[in-house]
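Dear colleague,

Please find below the structure that I am handing over to you.

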Amino acid sequence: MFIKEVASSLYAWDLADEGIATIADNLQERANCNCMYLVGVMHYEKRPLTSLYYTHNTKRKFYLPENSRAYYRLNMDSFKNTKLKPCFTERDFLKGVDWLDVLTEEARKRGMKTGVELSHTIFDTNIALEQYPEMMQRDVNGGILKDQQGMLCPNHPDVHEFQRAMFYDSVKNHDVDIVQTCLLTFGAGQTVKAPWFFAPWMDIENPNMGALLGLADGGCFCEHCRAKAIKWGYDWERIVHDMKTIHAIAHATPYAFQDYLMENNLTLGSNLTDCMLYIEYPGLLDFIKFRIQSITELFADIYKSVHEAKPSIDFRYNNYLRYPEYTGISFKDIAPYVDSVRESDYSEQYGAPDKFVFKRNTLHKIRRGIGFDKDLISALAVRPNATPELIRESLGVLAQCGIDGLSLGHYDGAHMEHLDAIKQGMSEYNITIVK
């Protein structure tokens, strides 16, 4: 099988602690990497994510990043049409350095591709909650979505313009080949589970139903979403009515929404299909369609903007969701407005109990949506809970999936033997990099 790249994400503190030359040596020599990209704006999250301690960082055992800070220069003129402005690192050992330039300069010396990722949240969510509550996503009852990482509404004009400008400026002022994002779009809520007492005597393996009901906890129902939905011809009152009803069903207990308690039990304890929910609550389907139309519009604006900045840029969406369509991501709809998609399945990290069925099926789902003119990149876990054997086995599966590249997740927590397994597995399954 022929692929175009083996990529690896890096963080600014990786570069500060280990040095870009050492990292690049490890990636090239051990894992055949020909692409490095900086997670240039990172949400708050302990690193390494899936283990207690770093495996090869001599400076620290773990790291707690700041909330949604940029680690490279941005031109403030790009943000003149929005109230939101980028937030930059305040850590002394990271300040005063353009870490994206550090990465790209080393990559170019080695003939490697470069990139930058704008991660889940690209504006400090604590600042947003305090200073710009009007920009936050709202639930069906009008409350701010505080428990979903303080999500900004992409339909608010300032938010939309800020997101577009972040991508544009990152490409315009830096020597990158790829700009990637796993941007949080719309809050999807939590999957609703059937009552515990159903387990012994009912088949409750109905995950799609639980995820659909959980949408009633998500957003957004703000005034800007309302205005846009009406402009596009949606019946907003029906959407709100149906989503409030679904919210009541999802949360019915003996102590709340009691009138819907039996509806909750019978819906989650039966083999009812999601199709019937769409028939009974047409506002639910409209709500999902409206989300998809909103995010497609955002991607179209970003795509146009980054290609104006650099025609050859690869705008890449990094999918991390089991049900992306519930949050506004339809691969068929965004296909004209992305150049590639990275699938962030890390089955190797969890022992691949399903023998990589989910990984394979998700890659096929994305390929079905984006077609064959756009590149499909598969993630591969090289973190501590994986094993060299699982990594090589995964590569054997990926060799049959028609992917266009590999992306390691993630260098900061990798064991060196896991990087070695990439090179070994590529050789074993005849996976060859071609330009």
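The buried residues of helix α5 pack against β3 (35-42), β5 (113-118), β6 (178-181), α11 (282-309) and β7 (314-319); contact means heavy atoms within 4.5 Å. Helices (H or I, at least four residues) and strands (E, at least two) are DSSP runs, numbered from the N terminus. This is a predicted model, in which local features need pLDDT of at least 70 and side-chain atom pairs count only at pLDDT 80 or more, while totals for chains, interfaces and linings use all residues. Residues are numbered from 1 along each chain as its sequence is written, and side-chain values use heavy atoms, with hydrogens and water left out.

Of the 16 residues of α5, 12 are buried, so the helix is largely enclosed by the rest of the structure. Buried means under 20% relative accessible area, exposed over 50%, and partly exposed in between (1.4 Å probe, protein chains only). Among the buried residues are His160, Phe162, Met166 and Phe167.

Two backbone features lie in loops. The peptide bond from Arg47 to Pro48 is cis, with omega near 0°, and Pro48 sits in the loop between β3 and β4 (69-70). The peptide bond from Gly409 to His410 is also cis, with omega near -10°; His410 belongs to the loop between β10 (405-409) and α15 (416-428).

Finally, Phe257 has a positive phi of about 50° although it is not a glycine. Phe257 lies in the loop between α8 (236-250) and α9 (261-268) and is partly exposed, at a relative accessible area of 38%.

Yours sincerely
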